[in-house]
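Q: Here is a model to read together. Please take me through the features one at a time, with the general idea before the case.

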Amino acid sequence: MIFLKPKILFGWLILFVVSIGYLPAQNVILDDLFQFKGKNYNLRVTRSAEAKMSFSLYLADDKPGNITSRFDLNQYETFEAPFLARMQTLLGSSPSPTETDELKRISTQEFIKIVKGAYVEPDYQPVAGWITVNKLIPMIKRRDSNGGWVDFYDVWRQKRNTRQDLEVDSLNQGRLLHRDSLKSIFLSNHETLVRGNGPFNNKGNSTYSTAIAIVDSVQCEFRNGNLENVTVQAHDLEGRFLKFSNGIPISMDTKMHLDDFENSALFEQERDEYVLVAADLLSYLENLQLGGKDYSPADQVVWIKPEDGRKKLYKLRTREILEARVYSDFVGFDESKPNGLIQSEVRKSINLYAKRKFFRYNDPRLFNYGIFSGVELVLGISKLEKHNREFSVPSLNEVSGNQLRQTRFLTPVQLLQFENFKFGADLNVFLFELQQLKSVISLDAGFRFGRIALTEPKIYLNDSLDVDTTGAFNQFGVNSFRFHPLVKWEVFPDERYGFHLAYQTDWIRLAHPSILLVRDIDGFPVSRKVESPWAPLNRFEFEGHFKAGNSGKFFFRYRFYSQMSNWKINFHQAQIGYSFYLMSTQK
């Protein structure tokens, strides 16, 4: 039977938490209460100034004793052995085998808590940067002096060649209005008009003008490395209410992308008479981090007013870095079904190139696109129920002379159906956002490493040269590799719920020299048809989610798998699930 041993899992867990790099200077690591055979026990773990770990274990009703045991935080066995020995002393007799298994389970749970307490500060939240809102900013008219529509993006490209900062103390409270080639500002009939030449002169035949906007408040939505949405409430010098919003998300994940504030427009929503330049409205100062190259804040929505000054924005809390999902299979409620009662996944999305673009001659408020925006890492463990942990691999047993030739085989669908471990990543290749339809269409490319546990009866040739079994079984594991393109349509109607539809084609390869991938289990002994080395499969998926609060989400997921060479060979999964933060200390 091939499964990850507890000591290996603990080793991986310790390597991970050590890589976080946080070692809080505290003496008491854990003070926990647990029950065994109707009695309460207290486990107290401390760390000395020399970073030596020790624990004391006693009945909760008794006073803490002086009996302590030292252990190595990097080796689980050094904790388990003294823990079991101390529990035997407290019990007054040797525990039964069943009780020993229960104590080992408790020991495992307590050790995980110790590791989390020793290395991880769940509420640690580094600063991403500081954002500031200006009070008075210029608004550029949508039409030039000749009545033509202003091509703002062409203007901003020209602006990169020239920069002149004009200081307007009386209007902007000492701040600089970053306007290129501006020559004059004057008031006329309670309206501020800005005229210019150079980049702001359309071939010398017209000039662009602006009025001053007085900003009341700004609402910002940060998501996936971008300033996804900006809503500005303001008024002009005549007291008219003004509302602006951005056309496309403004990237904030790299230093170069922070310059996008200078090239991003915010459009007036009602009269569509003016636009704002994001750099005139907002300024963002990133917080440099040792080893960190992503300067965007965590996903959040914030309100900012000019009088607030610099507002501090934060990264994710440590507890929120890894999201775990646990699915319970509807079909798997019948333990005879092989889809798996429990399937667990851990996911982590990483921004790569979050910048969004738009097609040159279209309104950017309609749609935008991005390339290589991010990668998602996936770790999955399934088949955790007591039954159907291994797949009984069929074989074709042929006798030639006095030799037994055994041919083992299975279908690509079975390789996925009984998979108990997987690890891989999905890279976003192309992303297309349809803002009017509240939708995102994406194309991803991914890979998976998978493992399946197999079992087969031990066979031999008896004296009559017939195939016979010994009654024993061989248990072994087999690796697989697969690559896939993934097309996904996501719909975001509300913060609390949404859904997506997806289609994926997997090319899967079995990494075993003596097991064949075949098209049909039942027909193989006659047809002897095998799959290509990289066997193709189809996967259709629907997933909906519902967010009940800030702690997690509920999911419903339906998947249908089939072989591309034979659609009749298929299986499906109907699952409900729940997501939570893996390192959260909430109970």
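Q: Is Tyr-369 buried or exposed, and what is its relative accessible area?

A: Buried means under 20% relative accessible area, exposed over 50%, and partly exposed in between (1.4 Å probe, protein chains only). Tyr-369 has a relative accessible area of 19%, so this residue counts as buried. The model is predicted: local features need pLDDT of at least 70, side-chain atom pairs count only at pLDDT 80 or more, and totals for chains, interfaces and linings use all residues. Residues are numbered from 1 along each chain as its sequence is written, and side-chain values use heavy atoms, with hydrogens and water left out.

Q: How far apart are the ring centres of Tyr-369 and Phe-430, and at what angle are the planes?

A: A pair of aromatic rings is described by the distance of the centres and the angle of the planes. Rings of Phe, Tyr and Trp (its six-membered ring) pair if their centres lie within 6.5 Å; planes under 30 degrees apart count as stacked, over 60 as edge-to-face and the rest as tilted. The structure holds 21 aromatic pairs. One of them is tilted: Phe-34 and Phe-83, with 6.0 Å centre to centre and 40° between the planes. Phe-34 belongs to strand 1 (residues 28-36) and Phe-83 to helix 2 (residues 77-91), so this pair ties together parts that are 49 residues apart in sequence. Both Phe-34 and Phe-83 are buried. For Tyr-369 and Phe-430, the centres are 5.9 Å apart and the planes at 20°, so that pair is stacked. Tyr-369 lies in strand 22 (residues 367-371) and Phe-430 in strand 27 (residues 419-434), so the parts tied together are 61 residues apart in sequence. Phe-430 is partly exposed, at 31% relative accessibility. Helices (H or I, at least four residues) and strands (E, at least two) are DSSP runs, numbered from the N terminus.

Q: Which residues form one aromatic cluster with Phe-34 and Phe-83?

A: The cluster also takes in Tyr-41, Phe-55, Phe-71, Tyr-76, Phe-79 and Phe-111.

Q: In what order do the strands of the four-stranded open sheet stand?

A: Strands of a sheet pair through backbone hydrogen bonds, either parallel or antiparallel. Two strands pair if DSSP finds at least two bridges between them. The order here is 1-2-3-4, with antiparallel pairing. Strand 1 and strand 4 (69-71) are the edge strands, each pairing on one side only. Neighbouring strands are turned by 25° against each other on average, direction ignored. Strand 1 is joined to strand 2 (residues 39-47) by eight bridges, and Leu-30 stands opposite Val-45 in strand 2.

Q: Which strands does helix 2 lie across?

A: Axes are lines fitted to C-alpha atoms, for helices over the stretch in contact (heavy atoms within 4.5 Å), and angles run from 0 to 180 degrees between N-to-C directions. Helix 2 lies across strand 1, strand 2, strand 3 (53-59) and strand 4, at about 20° to strand 3. Helix 3 (residues 97-119) also lies across strand 1, strand 2, strand 3 and strand 4, running at about 155° to strand 1.

Q: Which residues of the largest nonpolar core touch the most other members?

A: In soluble globular proteins, nonpolar side chains tend to be buried together. A nonpolar core is a set of buried Ala, Val, Leu, Ile, Met, Phe, Trp, Tyr and Cys residues joined through side-chain atoms within 4.5 Å. In the largest core, of 37 residues, they are Val-218, Leu-227, Val-232, Phe-261, Leu-281 and Leu-282. Strand 11 (residues 210-223) gives the most to this core, with six residues. A second, separate core of 24 residues includes Ile-29, Phe-55, Leu-73 and Tyr-76.

Q: What is phi of Asn-224, and where does this residue lie?

A: Most residues other than glycine have a negative phi, and most peptide bonds are trans. Asn-224 has a positive phi of about 55° and lies in the loop between strand 11 and strand 12 (226-235). Asn-224 is partly exposed, with a relative accessible area of 39%. Lys-438 also has a positive phi, near 55°, and its place is in the loop between strand 27 and strand 28 (439-461). At 47% relative accessibility, Lys-438 is partly exposed.
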